Amino acid sequence: MAPTILVVGATGNTGQSVVETLSNLIEKGAALTGHRIAALTRSSKGPVAQKLAQLPGVEVIEQNWINVTADWLRENEVVRAFVASVAQISQFTEESTFLVAALQAGVKYVVRISTTYPSVRPDAITFHSRSHWALENLLGTPEFEKLQWTSLQPNPFTPIHLQTTADFIKQYRSTGKQGVLRLVASADAPVAPIDPSDIGVLAAHLLAQADPASHNKAKYVVNGPEDISGNQIVQLVEQHIGAKVENVVFKDLAWVDAYANHSPDPGQIILSLKAFPEILWQGRCSASVTSKEVLKLAPPKWTPAAVLKRILEE
């Protein structure tokens with residue numbers, strides 16, 4: 001079996017782009033020519049998994065990543081890995097279990113997805129921000145010295161940031177009537193949301209490095225290529241519907257209440273997510289703070305306007 005690059009969540013919003021980009025880089029003669037790409041998914045029968053299976057050097061494997069052991073990693077000759085764990089209460093337990101297994105198995109390099117950089121703090125109110133802080137600090141301990149790693153700290157994903165915007169436009173086009181445009185964004189603060197595919201491209205370029213040592217223990221801020229405020233989102237909507245938006249709610253957090261009401265997890269913990277957008281409203285998440293290494297290696301390309309157009313055409 002060939003040395004393997006493992007992509008956890010290969011059919012997810014970032015994983016798909018990781019697999020596609022890695023396959024292309026290796027086929028074109030990247031440093032890791034001859035490496036196998038193991039695309040891990042919980043269902044190998046889905047259309048995305050079937051599409052990935054056709055790519056050069058890719059093998060789709062049906063396996064729940066939380067059940068991956070050190071023995072499994074050794075048997076599959078995994079030398080590098082990508083992981084993007086879900087922001088849920090069990091996140092630290094699940095991802096740290098995988099990272100310990102990777103260390104035991106002798107995996108050389110891991111690229112992981114964190115969260116928006118100002119929120120990665122030990123005193124963060126939001127539970128997932130503390131989880132990412134704990135995971136990054138776990139990796140930075142002497143015990144993990146043999147496992148090289150890079151943590152990507154992305155802004156909110158553009159499709160999520162603009163989902164209510166797209167829904168508003170689709171409803172108007174369907175009914176000719178306006179609902180309420182609800183935005184997490186504030187009216188004026190600039191935010192540079194990032195498209196998941198851009199994150200995947202960056203992760204693939206990191207994983208394809210001949211020697212990732214220069215990126216070891218790095219925490220890269222990964223924001224989108226262009227800022228957009230709530231007022232600018234409203235302007236985008238008006239361009240698409242050809243009419244003035246009549247009712248806008250900025251800083252809308254009703255989605256958190258809905259999430260808490262339907263989540264099996266403790267409501268009080270889920271409700272902590274209401275604190276997360278405050279860093280966006282403070283103007284601390286603009287394109288200007290993107291790490292220079294990101295811009296050099298794989299600069300993000302998808303602007304908010306382009307992503308909105310893509311969503312509306314789907």
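**Note on the predicted model: T116 and the overall fold**

1. The side chain of T116 comes to 3.0 Å from the backbone oxygen of P154, a polar contact (N or O atoms within 3.5 Å, one able to donate a hydrogen and the other to accept it). This is a predicted model, with pLDDT of at least 70 needed for local features and 80 or more for side-chain atom pairs, while totals for chains, interfaces and linings use all residues. Residues are numbered from 1 along each chain as its sequence is written, and side-chain values use heavy atoms, without hydrogens or water.

2. T116 sits in the loop between β5 (109–113) and α5 (127–139). The residue is buried, at 2% relative accessible area (buried means under 20%, with a 1.4 Å probe and protein chains only). Beyond its neighbours within four places in sequence, T116 is in contact with P154, N155, P156, F276, I279 and C285 (heavy atoms within 4.5 Å).

3. The chain has 14 helices and 9 strands (DSSP runs: H or I of at least four residues, E of at least two). Its radius of gyration is 20 Å, close to the 20 Å from the globule rule for 314 residues, so the chain is as compact as a globular protein of that length (C-alpha atoms; 2.2 Å times the number of residues to the power 0.38).

4. Of the 314 residues, 50% are buried. Of the contacts between residues at least 6 apart in sequence, 77% join residues at least 24 apart.

5. Side chains counted as charged number 27 positive and 29 negative, and the centres of the two sets lie 2 Å apart (Lys and Arg positive, Asp and Glu negative; His and chain ends not counted).

Definitions and conventions: The place of a charge is taken as NZ of Lys, CZ of Arg, CG of Asp or CD of Glu.
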